[in-house]
Amino acid sequence: MDLQAYLKEKAERINLALDKFLPDGEIMPPNLHQAMRYSVMAGGKRIRPVLMMAACEAAGGDAEAVVPAACAMEMIHTYSLIHDDLPAMDNDDFRRGRPTCHKEYGEALAILAGDALLTEAFVLLASPETACHLPHGALRRIIHIVARHAGSFGMVGGQAVDIESEGQDVDAPTLHYIHTHKTGALILASVQAGALAGGADETVFGHLTRYGEAVGLAFQIADDILDVVGDEKLLGKKVGVDEARGKATYPALFGLPEARRRATELRDMALAALAPLPAGADPLRQIARYIVDRTS
Ligand code: GRG
């Protein structure tokens with residue numbers, strides 16, 4: 001299986017659907033809708049939607065069924081990036097290779113674009129179009145999982161502790177909390193939502209949950225490593241900012257070799273979790289390797 005071709009095909013499918021689901025930039029209020037489109041359509045790997053589609057296939061479903069939910073997940077992820085880049089948080093000027101939303105549209109509109117993307121994500125999740133191709137009862141669980149992992153028990157909780165911890169001496173349990181919540185939660189939710197959409201029984205759901213937990217944490221450790229050794233052009237954002245801001249990271253707490261060892265260990269845990277699953281899980285297997293080895 002050619003992973004690059006798989007990632008490209010799935011990302012293109014998601015981009016097409018996002019373009020359809022996002023409000024047109026001419027619709028009132030145009031500036032708000034343009035700001036939403038500016039950040040969502042700026043590129044990005046679409047790794048959460050791809051994981052959702054791949055988990056759906058691994059559970060025996062048709063990835064097409066989960067496209068609306070996968071787009072909702074990308075809207076939530078993009079809202080988090082817009083808000084994370086604001087001066088009150090990370091104060092970043094570049095994201096996805098272009099000026100951040102607040103640099104282009106101003107802070108007020110960037111806050112509102114994030115708010116609207118989060119809200120529209122749930123409009124999309126709850127819409128009849130999203131329900132129609134999913135197994136009976138799956139959508140209610142998917143909405144609950146996505147909401148739970150996006151909120152104060154998930155990504156927002158992780159972001160709060162991350163911000164509070166800047167410049168502090170952070171211990172290993174706190175670092176683990178930040179990483180599994182700030183970044184891991186949406187990745188886990190993507191895999192779990194895909195599993196339910198694919199009709200996973202509780203056993204397969206358990207295997208995919210263990211996979212999602214491992215790749216979610218591995219993704220953030222890889223991100224920490226890229227902030228030390230990555231290429232700004234490939235990443236589309238500045239590097240070295242974690243250290244400059246006194247951020248809690250794996251390389252800062254444990255050193256680069258240990259961070260790399262832990263990322264590899266998590267990749268192997270993710271692969272072990274998939275061992276009982278058939279060849280339909282091969283894309284997930286390759287994505288686990290890609291998450292640890294990626295350069296952007
Ligand atoms: C503001 C509520 C709120 C949450 C922010 C996602 C997040 C939480 C902060 C982003 C900070 C950051 C750069 C974290 C590192 C891991 C991460 C989520 C990177 C960005 O995700 P990618 O690499 O980006 O999937 P693309 O652009 O490819 O979608």
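Me: A nonpolar core is a set of buried Ala, Val, Leu, Ile, Met, Phe, Trp, Tyr and Cys residues joined through side-chain atoms within 4.5 Å. Buried means under 20% relative accessible area, exposed over 50%, and partly exposed in between (1.4 Å probe, protein chains only). This is a predicted model, in which local features need pLDDT of at least 70 and side-chain atom pairs count only at pLDDT 80 or more, while totals for chains, interfaces and linings use all residues. Residues are numbered from 1 along each chain as its sequence is written, and side-chain values use heavy atoms, with hydrogens and water left out. Which residues in the largest nonpolar core touch the most other members?

Reply: In soluble globular proteins, nonpolar side chains tend to be buried together. Here the largest nonpolar core has 93 residues, and those touching the most other members are I142, L208, Y211, L284 and I287.

Me: Which helix gives the largest share of this core?

Reply: Helices (H or I, at least four residues) and strands (E, at least two) are DSSP runs, numbered from the N terminus. With eleven core residues, the largest share comes from helix 12.

Me: Which residues does Y211 touch, leaving out those up to four places away in sequence?

Reply: A contact means heavy atoms within 4.5 Å. Y211 is one of the core residues that touch the most other members. Its partners are L51, V191, A270, A273, L274, L284, I287 and A288.

Me: What do the buried residues of helix 10 pack against?

Reply: Helix 10 runs over residues 172-182, and its buried residues are L175, I178, H179 and H181. They pack against helix 9 (155-165), helix 11 (184-197), helix 12 (202-229) and helix 15 (250-254).

Me: How many salt bridges does the count come to?

Reply: A salt bridge is a side-chain nitrogen of Lys or Arg within 4 Å of a carboxyl oxygen of Asp or Glu. One of them joins R267 and D268, with the closest N and O atoms 3.1 Å apart. The count comes to 24.

Me: How many residues apart in sequence are the parts that K247 and D90 tie together?

Reply: The side chains of K247 and D90 meet in a salt bridge (3.1 Å, N to O), and both residues are buried. K247 lies in the loop between helix 14 (241-245) and helix 15, and D90 in the loop between helix 4 (67-84) and strand 1 (94-95), so the pair ties together parts whose separation in sequence is 157 residues.

Me: Which side chain makes a polar contact with the side chain of K247?

Reply: A polar contact is a pair of N or O atoms within 3.5 Å; within protein, one must be able to donate a hydrogen and the other to accept it, and residues adjacent in sequence count only if both atoms are side-chain atoms. K247 belongs to a salt-bridge network that also links D90, D92, D162, E166, K182 and R245. At 2.8 Å, the polar contact of the K247 side chain is with D162.

Me: Where do E265 and R261 both lie?

Reply: Their side chains meet in a salt bridge (3.3 Å, N to O). E265 is partly exposed at 31% relative accessible area, and R261 is partly exposed at 42%. They are four residues apart, about one turn, and both lie in helix 16 (residues 256-274).

Me: What percentage of the residues in the protein chain is buried?

Reply: The protein chain holds 17 helices and two strands. Of its 296 residues, the buried share is 54%.
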